[in-house]
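Please examine the sequence and the three-dimensional structure shown below.

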Amino acid sequence: RAGRYDQAIRYLTRVVELSPGSMKAQYQLAVAYQRSGNAEKIEGRNAGPRDSPECPLCRAAQWQARCS
(Lines give C-alpha, C1' and ligand atoms only; values in the text may rest on other atoms or scores of the structure.)
Protein backbone atom coordinates (compact mmCIF):
# COMPACT_ATOMS: atom_id res chain seq x y z
CA ARG A 1 0.00 0.00 0.00
CA ALA A 2 1.45 3.27 -1.10
CA GLY A 3 1.93 6.13 1.32
CA ARG A 4 2.26 4.17 4.58
CA TYR A 5 5.62 5.70 5.34
CA ASP A 6 5.10 6.08 9.10
CA GLN A 7 4.51 2.35 9.41
CA ALA A 8 7.48 1.59 7.15
CA ILE A 9 9.71 3.90 9.20
CA ARG A 10 8.77 2.16 12.46
CA TYR A 11 9.38 -1.27 10.94
CA LEU A 12 12.64 -0.35 9.21
CA THR A 13 13.96 1.44 12.28
CA ARG A 14 13.54 -1.80 14.22
CA VAL A 15 15.18 -3.81 11.42
CA VAL A 16 18.19 -1.45 11.45
CA GLU A 17 18.42 -1.73 15.25
CA LEU A 18 18.45 -5.52 15.04
CA SER A 19 20.71 -5.69 11.96
CA PRO A 20 22.84 -2.54 11.89
CA GLY A 21 24.99 -3.95 9.10
CA SER A 22 22.05 -4.25 6.71
CA MET A 23 22.74 -1.61 4.09
CA LYS A 24 19.54 -2.51 2.29
CA ALA A 25 17.44 -1.78 5.39
CA GLN A 26 19.33 1.46 6.02
CA TYR A 27 18.78 2.57 2.45
CA GLN A 28 15.08 1.70 2.56
CA LEU A 29 14.72 3.61 5.83
CA ALA A 30 16.38 6.66 4.26
CA VAL A 31 14.01 6.40 1.27
CA ALA A 32 10.98 6.13 3.57
CA TYR A 33 12.07 9.24 5.48
CA GLN A 34 12.63 11.11 2.22
CA ARG A 35 9.29 10.11 0.68
CA SER A 36 7.42 10.93 3.88
CA GLY A 37 8.71 14.48 3.67
CA ASN A 38 11.00 14.01 6.66
CA ALA A 39 14.35 13.95 4.90
CA GLU A 40 15.85 16.09 7.69
CA LYS A 41 15.45 13.13 10.05
CA ILE A 42 17.89 11.14 7.92
CA GLU A 43 20.72 13.38 9.09
CA GLY A 44 20.02 12.48 12.70
CA ARG A 45 20.62 8.80 11.91
CA ASN A 46 24.26 9.33 10.95
CA ALA A 47 26.62 7.53 13.30
CA GLY A 48 29.72 9.20 11.91
CA PRO A 49 30.97 11.84 9.51
CA ARG A 50 30.00 11.78 5.85
CA ASP A 51 31.87 9.21 3.77
CA SER A 52 32.53 7.23 6.93
CA PRO A 53 31.99 3.46 7.05
CA GLU A 54 30.00 4.09 10.25
CA CYS A 55 27.54 6.41 8.49
CA PRO A 56 24.36 4.47 7.65
CA LEU A 57 23.48 6.75 4.75
CA CYS A 58 26.97 6.49 3.28
CA ARG A 59 26.77 2.69 3.50
CA ALA A 60 23.28 2.80 2.00
CA ALA A 61 24.52 4.95 -0.87
CA GLN A 62 27.35 2.47 -1.46
CA TRP A 63 24.83 -0.37 -1.49
CA GLN A 64 22.64 1.50 -3.98
CA ALA A 65 25.62 2.25 -6.22
CA ARG A 66 26.62 -1.43 -6.32
CA CYS A 67 23.09 -2.56 -7.13
CA SER A 68 22.27 0.11 -9.73
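A nonpolar core is a set of buried Ala, Val, Leu, Ile, Met, Phe, Trp, Tyr and Cys residues joined through side-chain atoms within 4.5 Å. Buried means under 20% relative accessible area, exposed means over 50%, and partly exposed lies in between, with a 1.4 Å probe and protein chains only. This is a predicted model, in which local features need pLDDT of at least 70 and side-chain atom pairs count only at pLDDT 80 or more, while totals for chains, interfaces and linings use all residues. Residues are numbered from 1 along each chain as its sequence is written, and side-chain values use heavy atoms, with hydrogens and water left out.

The overall plan comes next. The protein chain contains 4 helices and 0 strands, and along the sequence the pattern reads α-α-α-α. Helices (H or I, at least four residues) and strands (E, at least two) are DSSP runs, numbered from the N terminus. Of the 68 residues in the protein chain, 28% are buried.

Which residues form the largest nonpolar core? Its 9 residues are Ile9, Leu12, Val16, Ala25, Leu29, Ala30, Ala32, Tyr33 and Ile42. Both α1 (5-18) and α2 (23-35) supply at least two residues of this core, and α2 gives the most, with 5 residues.

The packing of these two helices can now be described. The axes of α1 and α2 are 9 Å apart, and the helices pack at an angle of about 155°. Because of this angle, α1 is roughly antiparallel to α2. Axes are lines fitted to C-alpha atoms, for helices over the stretch in contact, and angles run from 0 to 180 degrees between N-to-C directions. Angles under 35 degrees count as roughly parallel, over 145 as roughly antiparallel, 65 to 115 as roughly perpendicular and the rest as oblique.

Leaving aside residues up to four places away in sequence, leucine 12 touches Ala25, Gln28, Leu29 and Ala32. Alanine 32 is located in helix α2. Is alanine 32 buried or exposed? Alanine 32 counts as buried because its relative accessibility is 4%. With residues up to four places away in sequence again not counted, alanine 32 touches Tyr5, Ala8, Ile9 and Leu12. Alanine 32 and aspartate 6 lie 26 residues apart in sequence, and their C-alpha atoms are 8.1 Å apart in space.

Two glutamines complete the account. Glutamine 7 belongs to helix α1 and, at 40% relative accessibility, counts as partly exposed. Between the C-alpha atoms of glutamine 7 and alanine 32, which are 25 residues apart along the chain, the separation is 9.5 Å. Glutamine 28 belongs to helix α2 and, at 33% relative accessibility, counts as partly exposed.

Methods: Contact means heavy atoms within 4.5 Å.
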